[in-house]
Amino acid sequence: MLAMDYRGPYRVRAKHKPDPVIEHPNDAIVRVTRSCICGSDLHLYHGLVPDTRIGSTFGHEFTGVVEDVGSSVQNLKVGDHVLVPFNIFCGSCYFCQKELYSNCHNVNPEATAVGAIYGYSHTAGGYDGGQAELVRIPMADVGPTVIPKDLHVEDAVLLTDAFPTGYQAAEMGDIEEGDTVVVFGAGPVGIFAAKSAWLMGAGRVIVVDHVEYRLEFIKNYAQCEVVNFKEVADMAIHIKKMTDGLGADVCIDCVGCEAAGNAAQTLTGRYLKLQAGAATVLHWAINSVRKGGTVSIVGVYGPTFNAIPIGNAINKGLTMRMNQASVKRHLPRLIEHIQAGRIIPRQIITHRIPLEEVADAYHLFSSKLDNCIKTVLIPPGAYSNSVVAKEEA
Ligand SMILES: [Zn+2]
Ligand SMILES: [Zn+2]
């Protein structure tokens, strides 16, 4: 099969690799129909995630048609078109029973914090990802969800991570009617966090970024106010000025470890690696939220440590909530929102690129060329697949 192949920082290519096979009775093999490149894939691409091995295949946001199932699989059958949450999880451990699927205890012997993620280094379990023609799906009875007939495949693929992650970011903010919500980061997750904040009753949504075309896009897509941090001397003071001197009710970090905007953080976090990425947005969030407010974090940081103003958080009485999204928990609600027409996720897709051109796709997305918001890779043959062909018609 053709698959994305990691060769080292800033170097990826499309390569023919052996087809995956059923290794466990509860595995399935899926033939990919759509596979996104995620902002968090760029942390891998930039060489910032520990134990990202040469020869691995990235990709944790994909849909596909079930091609084969192991002998114990009961909930899937050959031919089902499924969306596959980025979390790999067992469904039955202590954490899965609490619907903390992103913290599953049975799928990642490499770590006790994060569970497992497709195509996201050996730190996240060492599973190959979906930027390929075929993927092996472990725990196939619990992860994949059959795509409802009336759901567009490109809406479905955004339900594997970006939309649920943005939604959970807003949910963890415990937004109350009329709240002012500040979202840091105008990428796909920030876009869906802003949209979700409205769905949860926010009275005002402000998005902060520095990429002008993205601010322009989110302003229209999510009907929010925008702030270009390059035009702001001090973020906390600026947000306070916008909020009668109080600060925002909720601040959401949709950026994570590769934040721009503070030279010292960039140097210590991204270049010298003295902390697990630049904590710029954590500083902004803690300092811009009002006393007693909530900071919600879904941006990705490394496993070691970050220098953050924890004293300010304590003295202000903040609630801080964070996690990787537990995608499966959100799917029924989010599918309902799409079916009701309250949101059309696929409208954020700006680029559809053949899997063969994966190197160009990463370069384009990483360098934010051509006003790129979300890039979807299409494996050879996916267009001729009857399921997709029908949906495209
Ligand atoms: Zn992702
Ligand atoms: Zn589990």
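**Exercise 1.** Which arrangement do the four donor atoms around the zinc ion (ligand 1) make? Work it out from the donors and their angles.

*Solution.* A word on the ground rules: this is a predicted model, with local features needing pLDDT of at least 70 and side-chain atom pairs pLDDT 80 or more, while totals for chains, interfaces and linings use all residues. Residues are numbered from 1 along each chain as its sequence is written, chains are lettered from A and ligands numbered from 1 in the order written, and side-chain values use heavy atoms, leaving out hydrogens and water.

- Step 1: pick out the donors (N, O and S atoms within 2.8 Å of the metal, or 3.2 Å for Na, K and Ca). Cys38 (SG), His60 (NE2), Glu61 (OE) and Asp161 (OD) coordinate the zinc ion (ligand 1) at 1.8 to 2.2 Å.
- Step 2: check the angles. They run from 93 to 134°, so the arrangement is tetrahedral; four donors count as such if all angles lie between 85 and 135 degrees.
- Step 3: look along the chain. The donors follow the spacing C-x21-H-E-x99-D. Glutamate 61 sits in the loop between helix 1 (39-45) and strand 4 (62-69), and aspartate 161 in the loop between helix 3 (153-157) and helix 4 (162-172), 100 residues apart. Helices here are DSSP runs of H or I with at least four residues, and strands are runs of E with at least two.

**Exercise 2.** Which residues of helix 12 (residues 358-366) are buried? Then step just past the helix.

*Solution.* 

- Step 1: the buried ones are Val358, Ala361, Tyr362, Leu364, Phe365 and Ser366.
- Step 2: recall that an α-helix has 3.6 residues a turn, so residues three or four places apart point the same way.
- Step 3: just after helix 12, lysine 368 takes a positive phi of about 50°.

Note on methods:
Tetrahedral: all angles 85-135°; square planar, octahedral: opposite > 155°, others 65-115°. Buried < 20%, exposed > 50% of the residue type's maximum accessible area, 1.4 Å probe, protein only.
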